[in-house]
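Subject: Structure handover

Hello,

Here is the structure I said I would pass on. Please open it and keep it on screen while you read my notes below.

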Amino acid sequence: KSSSIPTSVAATSLAHVEKGESEQGEIPYRVGRGGTNVGRAVHSVLQMLNLESQSELEHLSQAQAHAEGIPDLWQQIASLARTALESATVKAAVESGKYHREVYVGAPVGSMVLEGFVDLLFEDENGVVIVDYKTDPAVSTEDVAQLMDRYRVQGGAYALCLSQVLAKPVSKVVFLFLHSATEVVMDDVQGAVEMVRGK
């Protein structure tokens, strides 16, 4: 019966995250996923850039700015991407020698299949580290705290999927708010996982 077929649910939709998708639809040569034009461009740059050398940062930022129809904003895109690259978490991922980007995750949770894409994934001595880039225009501590109330569910969803698929503990979920250069390590990951299980 059709009612027995699990429904696919995006992790971001659980968090009620408004992605601000362009009404013009997707352009085939775009690499990044949903979000604003600047956000998509930043994610695309961080997805394609050689994180060790970073030599193509400006070139990729210009290319993705053109792809998104915002060529005049390429320096903003480069600046936001550079903020991510200079973060302690991304540096730790590079130093680990083994990291993965744009990782699709999916796992059954009750009658639904929970799925999403993890921006950056690596392992430290305690387990799996999940990294999510945020290009929300959050600059104050209050802004970030308010957004984390929303993103906690998204982080729990990613942790749930990865712990099931990899059979390894998730040691940290880190949100990088690029406009304010703020790294937020989500507290009580297991509590967030249980919250998602209950949805």
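Start with Tyr104. Its relative accessibility is 45%, so Tyr104 counts as partly exposed. Keep in mind that this is a predicted model.

**Aromatic pairs**

What does Tyr104 pair with? The count of aromatic pairs comes to 3. In one of them, the ring centres of Tyr104 and Phe117 are 5.5 Å apart. Their planes stand at 65°, so this pair is edge-to-face. The cut-off for that label is over 60 degrees. Phe117 is partly exposed too, with a relative accessible area of 33%. Now find the two strands. Tyr104 sits in β2 and Phe117 in β3, so the pair ties together parts that lie 13 residues apart in sequence.

Is the pair of Tyr151 and Phe175 stacked or edge-to-face? It is stacked. Buried means under 20%.

**Nonpolar cores**

In soluble globular proteins, nonpolar side chains tend to be buried together. Look for that here. The largest nonpolar core has 32 residues. Val118, Ile130, Met148, Val170, Val173 and Phe177 have the most contacts inside this core. Which element gives the largest share? It is α6, with 11 residues.

Take Val173. Leaving out residues up to four places away in sequence, Val173 touches Ile130, Gly155, Ala159, Val184, Val185, Met186 and Val189. A second, separate core has 29 residues, with Val38, Ala41, Leu85 and Val131 among them.

Then take Met148. This residue is in helix α6. At 12% relative accessibility, Met148 counts as buried. With the residues up to four places away again left out, Met148 touches Phe175, Phe177, Val184 and Met186. Check Val184 in the sequence as well. Met148 and Val184 are 36 residues apart along the chain, yet their C-alpha atoms are separated by 8.5 Å.

**The cavity**

Rolling a probe the size of a water molecule over the atoms shows where empty space is left. How many cavities of 30 Å³ or more does the structure hold? It holds 1. The largest cavity has about 40 Å³ of space. Its lining is made of His43, Leu46, Gln47, Arg101, Glu102, Asp119 and Tyr133. α2 (37-48) and β2 (99-109) are the elements that give two or more residues to this lining. The largest share comes from α2, with 3 residues. By type, the lining divides into 2 nonpolar, 2 polar and 3 charged residues.

Best wishes

Conventions:
Residues are numbered from 1 along each chain as its sequence is written. This is a predicted model: local features need pLDDT of at least 70, side-chain atom pairs count only at pLDDT 80 or more; totals for chains, interfaces and linings use all residues. Side-chain values use heavy atoms; hydrogens and water are left out. On a 1 Å grid over the protein atoms alone, a cavity is a set of points where a 1.4 Å probe fits but cannot get out, and a pocket is an open set with protein on both sides within 12 Å along at least five of seven lines; lining residues have an atom within 4 Å of a point. Grid points are joined across faces, edges and corners, and a volume is the space filled by probe spheres set on the points. Helices (H or I, at least four residues) and strands (E, at least two) are DSSP runs, numbered from the N terminus. Ala, Val, Leu, Ile, Met, Phe, Trp, Tyr, Cys and Pro count as nonpolar, Asp, Glu, Lys and Arg as charged, and the others, Gly among them, as polar. A nonpolar core is a set of buried Ala, Val, Leu, Ile, Met, Phe, Trp, Tyr and Cys residues joined through side-chain atoms within 4.5 Å. Buried means under 20% relative accessible area, exposed over 50%, partly exposed in between (1.4 Å probe, protein chains only). Contact means heavy atoms within 4.5 Å. Rings of Phe, Tyr and Trp (its six-membered ring) pair if their centres lie within 6.5 Å; planes under 30 degrees apart count as stacked, over 60 as edge-to-face and the rest as tilted.
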